[in-house]
Amino acid sequence: MSKMSKEELEKIPAEQRWAIAGANFVGAYTALGMFVQPLLGKEKMQEIDNNLWGEGGKMSYPMIKEALNIPVEDAIGGYKVVAAVAAIQAGGTFEDEMIEVTPERVVWNTVKCPWWDTAKQFGEKPENMTCPGGHQAICEAGLKALNPNFTFKLTKAMPNGDPVCQNVIEFKK
């Protein structure tokens with residue numbers, strides 16, 4: 001089997017490659033959870049997800065902050081890092097609706113989520129989904145890694161029957 005050359009890969013536009021990579025990651029992780037959770041139980045799977053995503057947040061948030069040179073001295077900067085990590089992770093397929101934007105607090109609704117959409121496409125039952133805990137863990141740990149003055153709370157989640165996932169970042173000086 002021959003390795004694909006960089007030139008061959010670059011025939012696919014960068015945005016399309018990014019979308020494919022994001023969809024592959026989201027799909028693979030969703031499928032893994034669907035196969036592993038029945039073996040371990042939801043509680044153990046939730047513990048694994050929370051730890052995995054929390055550690056991922058601690059690592060990726062500072063990397064993205066540095067790569068994009070985003071100042072994180074207020075809630076708006078924190079949101080910019082959260083949004084960048086989410087976009088990179090899932091190939092740019094999240095859609096957010098801003099509710100409140102101040103230096104002290106940013107509230108937004110995720111109205112289109114690749115994790116939710118993929119789980120539904122795969123036939124996953126909402127009550128089996130562990131993504132709300134993972135979502136809380138990556139954002140909370142990632143923001144704390146940037147600045148201990150951040151707090152994050154996922155106040156609504158589509159797998160819990162809500163029409164959106166609602167996110168709240170607060171920055172306390």
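In the predicted model, Leu-39 counts as exposed, because its relative accessibility of 71% lies over the 50% that marks this class. Leu-39 belongs to helix 2, which covers residues 14–40, and together with Leu-40 and Ile-48 it makes a nonpolar surface patch of about 290 Å².

The strands of the model are arranged in an open sheet, in which four strands follow the order 1-2-4-3 with antiparallel pairing. Strand 1 (95–101) and strand 3 (150–156) each have a single partner strand and therefore stand at the edges, so that one side of each is left without a neighbour in the sheet. On average, and with direction ignored, neighbouring strands of this sheet are turned by 20 degrees against each other. The pairing of strand 3 with strand 4 is antiparallel and extends over six bridges; among the residues involved, Lys-156 has Gln-166 of strand 4 as its bridge partner. Helix 6, comprising residues 131–146, packs on the sheet and touches strand 3 and strand 4, its direction making about 165 degrees with that of strand 3. Helix 4 (residues 75–89), in turn, lies across strand 1, strand 2 (105–112), strand 3 and strand 4, and runs at about 25 degrees to strand 2.

Gln-166 is placed in strand 4, which spans residues 165–171, and it is classed as buried because its relative accessible area of 16% falls under the 20% cut-off. When neighbours within four places in sequence are left aside, the residues in contact with Gln-166 are Ile-99, Val-107, Trp-108, Asn-109, Lys-153, Leu-154, Thr-155 and Lys-156. One of these contacts, Lys-156, is also the residue whose bridge partner in strand 4 is Gln-166.

Turning to charged side chains, the structure holds eight salt bridges. The side chains of Lys-6 and Glu-10 meet in a salt bridge with an N to O distance of 3.9 Å, which falls within the 4 Å limit. Of the two residues, Lys-6 is exposed, with a relative accessible area of 58%, whereas Glu-10, at 46% relative accessibility, counts as partly exposed.

A further salt bridge joins the side chains of Glu-47 and Lys-44, at 3.5 Å from N to O. Both residues lie in helix 3 (residues 42–68), where they are three residues apart, a spacing of about one turn of the helix. Glu-47 counts as partly exposed at 41% relative accessibility, and Lys-44 is likewise partly exposed, with a value of 39%.

Lys-112 forms a salt bridge with Asp-117, in which the closest N and O atoms are 2.9 Å apart. Lys-112 has a relative accessibility of 34% and is partly exposed; Asp-117, with 26%, also counts as partly exposed, because this value lies between the 20% and 50% limits. Finally, a network of salt bridges links Glu-100, Arg-105, Glu-170 and Lys-172.

Note on methods:
Residues numbered from 1 in each chain as written. Predicted model: local features only at pLDDT ≥ 70, side-chain atom pairs only at ≥ 80, totals over all residues. Heavy atoms only, no water. Helix = DSSP H or I, 4+ residues; strand = E, 2+ residues; numbered from the N terminus. Buried < 20%, exposed > 50% of the residue type's maximum accessible area, 1.4 Å probe, protein only. Contact = heavy atoms within 4.5 Å. Pairing = 2+ DSSP bridges. Axes fitted to C-alpha atoms, helices over the stretch in contact; angles between N-to-C directions. Patch = residues over 30% accessible without salt bridge, like charges linked within 9 Å, V, L, I, M, F, W, Y side chains within 5 Å. Areas by Shrake-Rupley, 256 points an atom, 1.4 Å probe, with all protein chains shown as cover.
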